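Here is a short briefing for a reader meeting this structure for the first time. Start with the picture, then work through the points below.

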Amino acid sequence: MSPSDQAQRLRELVESLAPSRSISITSGKGGVGKTNVVVNLAIAMAKLGNEVAIVDADLGLANVDVLLNLNPKYNLYHVIERHKSLEEVVISGPSGVKIVPGASGITKVANMGPKERQHILSELSRLQHIADYILIDTSAGINRNVINFVVSSDVALIVTTPEPTAITDAYAMIKVISQRKIEQDLRLLVNMATSKREADEIYERISMVSRQFLNMEISYAGYILKDDVVVNAVLQRRPFVLEYPYSPAGRSVTRIAKELLRSLSGKMGNGGWIDRLLGWFR
Ligand SMILES: Nc1ncnc2c1ncn2[C@@H]1O[C@H](COP(=O)(O)OP(=O)(O)OP(=O)(O)O)[C@@H](O)[C@H]1O
Ligand SMILES: [Mg+2]
């Protein structure tokens with residue numbers, strides 16, 4: 001084996017041992033495009049050669065499966081009820097993305113008893129064996145349940161749109177996260193921007209006030225342009241990154257995926273996000 005082959009093998013070995021990295025996707029205001037971001041970003045990352053899993057933690061109105069036209073037989077509810085193991089509810093989506101379907105209308109994790117919570121989270125932790133990256137779709141809004149997911153993950157993507165109410169709510173979310181007084185890799189994603197310039201200005205504004213008033217550093221995950229293909233893809237229940245890869249929205253998502261992977265490739269996931277999550281619920 002040549003030295004470069006050996007180096008490659010070693011790299012693969014190290015990567016296979018590295019704990020997966022968890023990325024939560026959240027927002028202050030609802031309807032800003034989180035689920036579309038999760039689904040299309042996951043597929044873009046998978047197409048770039050990674051094992052990716054999605055957890056639909058939007059326990060109120062689960063809709064990752066709806067966007068992908070999947071009809072899962074089982075979901076997190078069956079795991080919570082101990083009727084199924086995690087492996088039995090995971091389904092394979094486009095580009096090999098693994099999906100843990102959420103459970104509509106079930107009681108929130110925060111309202112579960114300690115035993116149930118421990119059970120569901122230890123089941124979820126098994127995802128670390130099947131994925132390099134775990135994307136968590138949370139529900140909108142500031143509640144303890146969502147914040148716990150956000151502050152436990154390795155990276156938190158906060159999605160906003162140019163709408164003033166979405167910006168105000170994104171800032172409110174950042175403020176609540178800042179009150180946990182932990183170091184959190186927080187990144188802003190501007191969706192439905194009409195231009196790069198508009199998106200960049202929104203990022204500048206939010207990062208400036210966050211630094212000034214909250215002493216929080218927010219990095220920039222990038223932007224996705226407002227694009228009719230997203231609306232069409234939702235109606236077709238097909239991911240726009242596959243259906244319209246060269247559209248403005250398709251290109252934006254691929255760019256965000258590449259940048260995210262680049263920024264995380266040197267960084268080991270600190271694993272144990274489930275442990276941190278459990279810690280917060282105690
Ligand atoms: N880049 C975009 N361009 C045009 N329309 C978009 C874009 N992103 C999202 N949308 C529209 O916004 C709608 C809501 O998106 P999505 O369901 O992903 O939001 P969400 O934040 O997950 O909502 P919720 O808070 O209810 O979970 C989509 O159905 C689509 O019509
Ligand atoms: Mg959603």
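Eight strands make up an open sheet with mixed pairing, in the order β3-β4-β2-β5-β1-β6-β7-β8. The edges belong to β3 (91–92) and β8 (219–225); each has a single partner strand, so one side of each lacks a neighbour in the sheet. Keep in mind that this is a predicted model.

**Overall make-up**
- The chain holds 13 helices and eight strands.
- It has 282 residues, and 46% of them count as buried.
- Among contacts with a separation of 6 or more, 78% join residues 24 or more positions apart.

**Sheet and helix**
- Strands β2 (residues 52–56) and β5 (residues 133–137) run parallel and are joined by five bridges.
- A53 has I134 as its bridge partner in β5.
- Helix α12 (residues 248–265) lies across β1 (21–26), β7 (185–193) and β8.
- The angle between α12 and β8 is about 165 degrees.

**Around ligand 1**
- Ligand 1 is surrounded by 19 residues.
- The closest are G30, G33, K34, T35 and N36.
- Two or more residues of this shell come from each of α2 (34–47), β7 and α10 (228–236).
- By type, the shell around ligand 1 has eight nonpolar, seven polar and four charged residues.

**The nonpolar core**
- In soluble globular proteins, nonpolar side chains tend to be buried together.
- Here the largest nonpolar core contains 81 residues.
- The members that touch the most others are L41, A42, I54, L135 and I158.
- Helix α2 supplies the largest share of this core, with nine residues.
- Setting aside neighbours within four places in sequence, I54 is in contact with V38, A42, V64, V97, I99, V100, L135 and D137.

**A closer look at V97**
- V97 sits in the loop between β3 and β4 (98–100).
- Is V97 buried or exposed? V97 counts as buried because 27 C-beta neighbours lie inside 10 Å, and the cut-off for buried is 20 or more.
- Which residues does V97 contact, leaving aside its neighbours within four places in sequence? They are A42, I43, A46, V52 and I54.
- V97 and A46 are 51 residues apart in sequence, yet their C-alpha atoms are 6.6 Å apart in space.

Methods: Residues numbered from 1 in each chain as written. Chains lettered and ligands numbered in written order. Predicted model: local features only at pLDDT ≥ 70, side-chain atom pairs only at ≥ 80, totals over all residues. Pairing = 2+ DSSP bridges. Helix = DSSP H or I, 4+ residues; strand = E, 2+ residues; numbered from the N terminus. Contact = placed C-beta atoms within 7 Å. Axes fitted to C-alpha atoms, helices over the stretch in contact; angles between N-to-C directions. Near = placed C-beta within 6 Å. Nonpolar A, V, L, I, M, F, W, Y, C, P; charged D, E, K, R; others polar. Buried ≥ 20, exposed ≤ 12 C-beta atoms within 10 Å, placed from the backbone. Core = buried A, V, L, I, M, F, W, Y, C linked by C-beta atoms within 7 Å.
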